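Morning, everyone. I have one structure to go through today, so please look at the screen.

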Amino acid sequence: MKTFLVVNPRSAGGQTGKHWAELSAQVGRAIGEFGHGFTEGAMDAARIARKAVQDGYECVVAVGGDGTINEVVNGFFLDGRAINPQAALGVIPRGTGGDFRRAFGWDLELDSALARLSTGQTEPFDVGLIEYVNHEGKPEQRYFANIASFGVSAVVAHEVNKSSKALGGNLSFVWGTVKGLIKYSAPMVRFRADAGTQEPVSVTAVAVANGRYFGSGMCVAPGALTHDGLFNVTVWSGYGLNDFIFKSKGVYSGEHVTWKGTRQLQCRSFEAESEDGQEVLIEVDGEVPGRLPAKMTILPGAIRLKV
């Protein structure tokens with residue numbers, strides 16, 4: 001496949017950019033000739049990926065972490081539709097969190113990623129679309145590959161993103177979770193799944209999941225699949241700092257789905273709004289672009305995925 005790499009040189013603590021000559025040589029040996037572009041700022045990866053798809057590249061590869069993957073997926077779309085539904089997303093994981101790759105059991109080894117890229121094997125890949133209110137109070141939309149969530153998960157993502165992540169992915173998220181839960185006050189939110197009845201709930205966190213993991217390894221949606229045309233939604237209610245400290249193992253293993261405060265459902269669309277006007281932040285593949293109200297819609301098999 002005609003392949004283009006969208007490279008975040010700051011990923012892997014800057015090692016991607018520092019060792020690009022060596023990395024690119026290994027990629028060339030595995031897949032032959034390829035195009036590439038480097039990101040410099042926010043949403044650069046989307047712009048670069050979009051041009052690559054428009055230029056006829058059949059496989060566009062995100063070289064970076066979950067944020068880079070999200071931006072590259074956004075680049076597959078223009079004016080509300082996929083530019084080429086047969087184009088494939090490829091991934092060379094280089095990030096600190098690594099939640100997208102965990103759903104597929106992919107490790108961080110370059111050889112493993114190159115083995116995937118060197119075959120012609122792809123599968124349908126569902127993409128989420130979220131419509132929300134940005135930080136300036138204006139309506140905005142964004143595509144997502146993994147999970148969109150709101151509640152304490154977005155507060156934690158905000159804490160983690162403004163830190164240096166010097167502790168590494170897992171410890172940064174653990175510390176961010178502790179800080180987030182200390183300051184978090186659960187809002188009342190009304191939500192509706194598909195065309196169902198609107199329901200009020202006190203929210204610790206709600207994850208609208210295409211993939212299975214968020215928060216650097218928390219298995220929030222154990223049953224989620226990226227090719228079934230459905231979101232797996234997990235609603236956490238009534239949890240606090242003590243629960244995270246004493247029961248966190250169950251959050252990472254997926255055991256939390258059996259707990260009293262966890263509810264799961266499947267749907268194709270999901271809407272939510274704050275009941276009392278309280279600001280409720282949203283998190284989209286690890287970024288925090290805005291707040292509720294929001295609507296999330298699944299786009300079944302919108303693109304392909306290199307596997």
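Let me start with one residue. Phe144 is buried, with a relative accessible area of 0%; buried here means under 20%, exposed is over 50% and partly exposed is in between, using a 1.4 Å probe and protein chains only. Before going on, some ground rules. This is a predicted model, where local features need pLDDT of at least 70 and side-chain atom pairs count only at pLDDT 80 or more, while totals for chains, interfaces and linings use all residues. Residues are numbered from 1 along each chain as its sequence is written, and side-chain values use heavy atoms, with hydrogens and water left out.

Back to Phe144, which sits in strand E8, residues 139–144. Strands (E, at least two residues) and helices (H or I, at least four) are DSSP runs numbered from the N terminus. What does Phe144 contact, apart from its neighbours within four places in sequence? The partners are Asn70, Val127, Gly128, Leu129, Ile130, Val208, Phe231, Val284, Asp285 and Met296, where contact means heavy atoms within 4.5 Å. Gly35 is 109 residues from Phe144 along the chain, and their C-alpha atoms are separated by 24 Å.

Next, Asn146. This residue lies in the loop between E8 and strand E9, which covers 147–151. Asn146 is also buried, at a relative accessible area of 6%. Not counting residues up to four places away in sequence, Asn146 touches Asp99, Phe100, Val208, Ala209, Asn210, Gly211, Arg212, Tyr213 and Asp285.

Now the whole chain. There are 9 helices and 19 strands. The radius of gyration is 19 Å, close to the 19 Å that the globule rule gives for 307 residues, so the chain is as compact as a globular protein of that length. That radius is taken over C-alpha atoms, and the rule is 2.2 Å times the number of residues to the power 0.38. Along the principal axes, the C-alpha atoms fill a box of roughly 55 × 40 × 35 Å. Of the 307 residues, 53% are buried. Among contacts with a separation of 6 or more, 73% join residues 24 or more positions apart.

Last, the annotation. UniProt, in an unreviewed entry, places "domain: DAGKc" at residues 1–135; such annotations may be inferred rather than shown by experiment. Over residues 1–135 the chain is 36% helix and 28% strand, with the end C-alpha atoms 39 Å apart.
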